[in-house]
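My notes follow the order in which I looked things up.

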Amino acid sequence: MSSLLHVRNLSVQSPERPILHDVSFTLEAGQILAVTGESGSGKSTLALSLMGLLPPGFQAHGSIRLEETELSTLSEQDWCQIRGKRLGMVFQEPMTALNPTRRIGTQIGDTFRLHTTLSRREIGTETRTLMEQVGLSEAGVSERAYPHQLSGGQRQRVLLAMALACQPELLIADEFTTALDARTQAAMMALVSRRCETQGMAVLIISHDLGLVRRYADHVLVMKDGTCVEQGATTSVFDAPRHPYTQALLAMSLHGAARTPLTPLTVFTAPS
Ligand SMILES: Nc1ncnc2c1ncn2[C@@H]1O[C@H](COP(=O)(O)OP(=O)(O)OP(=O)(O)O)[C@@H](O)[C@H]1O
C-alpha cells in the first residue's frame, strides 16, 4: 500500500542557518503521527513545510508527496487548491487565525464557499452539522457569535470545524490542544480520532504532551536539533526507546514535566 504522505530527505534552511536536516517519514491514511521533541527542535518548521507556509527567506529541499501530488514544487495558486481542501490545519493560537470582525458561522462557511459548489442553503446546513460535531452547539454557541464572545477552547473548536469542513485527507495540528483543559482536549482528540476511523483521515499532530502522544498517536517521531532521532510505532518507542534523547524525554515526562514545553536536554551520546 502506498502512503498518503511521503516525506523524503526534507531539509530546511533559514536565511541564517540550517533548521531541518534530512527528515524522512511516511504517514498512512487513517493513522495519527505525533511529532515531539524539545522547544526549537524544528517541529513547527516541519509543519509549515508540509503546508507550504515557510517564512520568507526559508528554503526547503527534498520531497513531500501527498498521494500522487508532489507538494514541494507547487505554485502558490496550486497550494490554494490544496490547503483547506486536501490539507486541514489547526494551530495553537486561535485568535490570530480567526477574523475578529466576522461571525463564526460565516467563517466556517467560508471553507465551503472556497472549495465546494454547495448552495447557500447547503452551506448553512453543513455549518450547523459541523458546529454540532465539534461540540459548539451543545455549548450553546450560536453561529452568529463573534470570536471574542467565545472561550479559548470554543475558538479552537471553530478552527477545528473549519479544518475538518472539506473532509481533508490530512490534518496538521500544531499544539492545538495545549491551552485547553483536559476534558476539552479529550473531546477534541476523540473527534479527530473518529474522523481517522470513519473517513481515513490522517493526522500529523505536533505535541510536547507525551501523555497525549501515547494515548492517541499510532506512530511517533522524535525531533532534536532539526533531526529526527527516532521514529516508530508509539508502543515500541515508549516501551523500548532506543535513542538516549528519547530515553531522557520519557524519563522527564515520568517526573511530571510532560505538559510544559520541553526545554533543551543535554544528552550524552557515546561517539559512534
Ligand atoms: N521566522 C523565523 N526566522 C528565523 N528563524 C526561525 C523562524 N522560525 C523559527 N526559527 C528557528 O527555527 C528553529 C526551529 O523552530 P521551530 O519553531 O520549528 O521549533 P519547535 O520545535 O516547533 O519549537 P516550539 O516547541 O518552541 O514551538 C528555532 O531555532 C527557531 O529559532
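Which helix gives the most to the shell around the ligand? I found that helix α1 (residues 43-50) does, with three residues; helices here are DSSP runs of H or I of at least four residues, strands are E runs of at least two, and both are numbered from the N terminus.

Before going further I noted that this is a predicted model, in which local features need pLDDT of at least 70 and side-chain atom pairs count only at pLDDT 80 or more, while totals for chains, interfaces and linings use all residues. Residues are numbered from 1 along each chain as its sequence is written.

I then listed the ligand's surroundings: twelve residues surround the ligand, and the closest are Ser39, Lys43, Ser44, Thr45 and Pro55, where a residue is near a molecule if its C-beta atom, placed from the backbone, lies within 6 Å of it. By class, I sorted this shell into three nonpolar, eight polar and one charged residues, taking Ala, Val, Leu, Ile, Met, Phe, Trp, Tyr, Cys and Pro as nonpolar, Asp, Glu, Lys and Arg as charged, and the others, Gly among them, as polar.

Next I turned to helix packing. The axes of helix α4 (residues 104-115) and helix α6 (residues 152-164) come within 8 Å and cross at roughly 25 degrees; axes are lines fitted to C-alpha atoms, for helices over the stretch in contact, and angles run from 0 to 180 degrees between N-to-C directions. I therefore wrote down α4 and α6 as roughly parallel to each other, a word kept for angles under 35 degrees. Their contact is made by Ile104, Gln107, Ile108 and Thr111 of α4 and Val158, Ala161 and Met162 of α6, contact meaning C-beta atoms, placed from the backbone, within 7 Å. In this contact I have five nonpolar, two polar and no charged residues.

I also checked α4 against helix α5 (residues 120-133), and there the axes lie 9 Å apart at an angle of about 120 degrees. On the α4 side I recorded Gly105, Ile108, Gly109, Phe112 and Arg113, and on the α5 side Ile123, Glu126, Thr127 and Leu130.

Last, I looked at confidence: the protein chain averages a pLDDT of 90, and 92% of the residues score at least 70, pLDDT being the predictor's confidence in each residue, from 0 to 100.

Methods:
Angles under 35 degrees count as roughly parallel, over 145 as roughly antiparallel, 65 to 115 as roughly perpendicular and the rest as oblique. Two residues are in contact if their C-beta atoms, placed from the backbone, lie within 7 Å.
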